Amino acid sequence: MTAIAARRHPTMKLYVVVWIGLILIVGLEVLLTYERLPAGTLLACLLALALVEAALAVMYFMHLKYERPALFWSLIPYLLFALVLMDHFWPDALRLMRQRLHGP
Amino acid sequence: MSEAATARAGTLTEGSPYGIPSRKLAIWLFIIADAATFGAILFAYGYLRLANPDWTKPFAVSPTIVNGIVMTVVLLTSSLTMVAALAAAQSGRTSTGIRWLGVTMLLGTVFATLHVREGFAMIAAGWRLFRNPMGGSPLFGATFFGITGLHLLHVVCGVIVIGVITLGFRRGRFGAGHVETTALYWHFVDLVWMFVFPLVYLMNVR
C-alpha cells in the first residue's frame, strides 16, 4: 500500500528535475535554430525535441505514468494514429500552393 | 431510495476500468480531442511552411525570440507551480494550495500579456491575417495569428477557470479533484506551447 501511495505521489524534487529538463530542451532548440540547418532537417529536429518535451509533461506533470496502464493505452495510441493519418492526408493540401493568395 | 436499495444499486454499478473519477476521464477525452485539433493546424502549417519557397522569416533574436523564450519559461514555470498547488490540495494544505494557484494565475497572466504585446507590435508593423508587409507569402499572417491566437484563447480560458476553481476551493465548494482536473487542462496548454514555440517562432528566424 505504501509503495502504491508513493508511486501515485511523485515528489516536488522530481517535478523540479523535469522542469529543469524541459528548460534545457528549450535551450537546445534555440541553439539548433542558429545552426542554420536546412528547413526540413530543422523541422524534424525541433519536432523530435518537442515530442520528448510533450512526453515528459504528459507522464510526470499530467501523472499519466502513475495512472492505470489502461488509461494510457485507451488514449495515446489513438491520438498518435489520428496524427499519423493527418500526416498522410495533408500532402493533398499542397494543391493549395497553386491557389495561394498573392501579396500586395 | 432506502439505504438497502442504494446498497443493492451500488453492487450492480461497475467501477471505472481506469480507476479515476468521471470528470477526470472527461477532461482527458477533451484534451485528446483538442490535441487532434492543434495537431491538424500544426500539420497544415508545417506543410505550408516547407512548401512555400517565398516563406517570410521575420523574427529577429531581439525582441521576438527573446520574448518567446521568456514566454516559454514563464509557462513552463506555471506548470511547476500548478503541480505544487495540486500536491498541497491533495495533502489538505488549503492555504498553500490557494497560494500556488494564485502564482499560476499570475504567471498565466504574464504570459498572456507578453503574447498580446507582441501581437500588437506585429499589427503595428503592418502584419494582418492576409497581408505580409515584407512582401512574401500572405499565408504567414494567417498561420501565425491563427495558431498563436487559438493558443492564447486557451491560456485566457485557463486563467479564468483557475480563478473560479481557486475561489471555490477557498470557500470549500471545490475539492482537490477539481484542482486536479484544472491542472490537467493547464498542463495541456503548456504542452501545446512546446510545439507552437519551435514550429511557429524558431522556424521563422531570420
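Helix α5 of chain B covers residues 139-171, 33 residues in total. From its first C-alpha to its last it reaches 48 Å, close to the 48 Å expected at 1.5 Å a residue. The residue that follows α5(B) is B:G172, and its phi is positive, near 85°. The model described here is predicted.

Another backbone feature of chain B is a cis peptide bond, which runs from B:S62 to B:P63 and has an omega near 10°. B:P63 belongs to helix α3 of chain B, residues 61-90.

Chain A has positive phi values at residues that are not glycine. A:R36 has a phi of about 55°, and A:H63 has one near 65°. The loop that holds A:R36 lies between α2 (12-33) and α3 (39-61) of chain A. A:H63 is in the loop between α3 and α4 (69-89) of that chain. Is A:R36 buried or exposed? A:R36 counts as exposed because its relative accessibility is 52%, and the cut-off for exposed is over 50%. A:H63 counts as buried because its relative accessibility is 9%, and buried means under 20%.

| Residue | Phi | Location |
|---|---|---|
| A:R36 | about 55° | loop between α2 and α3 of chain A |
| B:G172 | near 85° | follows α5(B) |

The remaining points concern the interface of the two chains. How many residues of chain B are in contact with chain A? On the chain B side there are 57, and they touch 49 residues of chain A. The area buried between the chains is about 4,600 Å², and carbon and sulfur atoms give 80% of that area. Of the area that chain B buries against chain A, B:Y18, B:W28 and B:Y47 supply 14%, more than any other three residues.

Across this interface the rule finds one salt bridge. The side chains of A:E67 and B:K24 meet in a salt bridge, at 2.4 Å from N to O.

Which helices of chain B each supply at least two residues of the side that touches chain A? They are α2 (22-51), α3 and α6 (176-201). The largest share, 17 residues, comes from α2(B). By class, the side of chain B that touches chain A has 40 nonpolar, eleven polar and six charged residues.

Notes:
Residues numbered from 1 in each chain as written. Chains lettered and ligands numbered in written order. Predicted model: local features only at pLDDT ≥ 70, side-chain atom pairs only at ≥ 80, totals over all residues. Heavy atoms only, no water. Helix = DSSP H or I, 4+ residues; strand = E, 2+ residues; numbered from the N terminus. Buried < 20%, exposed > 50% of the residue type's maximum accessible area, 1.4 Å probe, protein only. Expected span 1.5 Å × (residues − 1). Contact = heavy atoms within 4.5 Å. Buried area = accessible area lost by both parts, 1.4 Å probe. Salt bridge = Lys/Arg side-chain N within 4 Å of Asp/Glu carboxyl O. Nonpolar A, V, L, I, M, F, W, Y, C, P; charged D, E, K, R; others polar.
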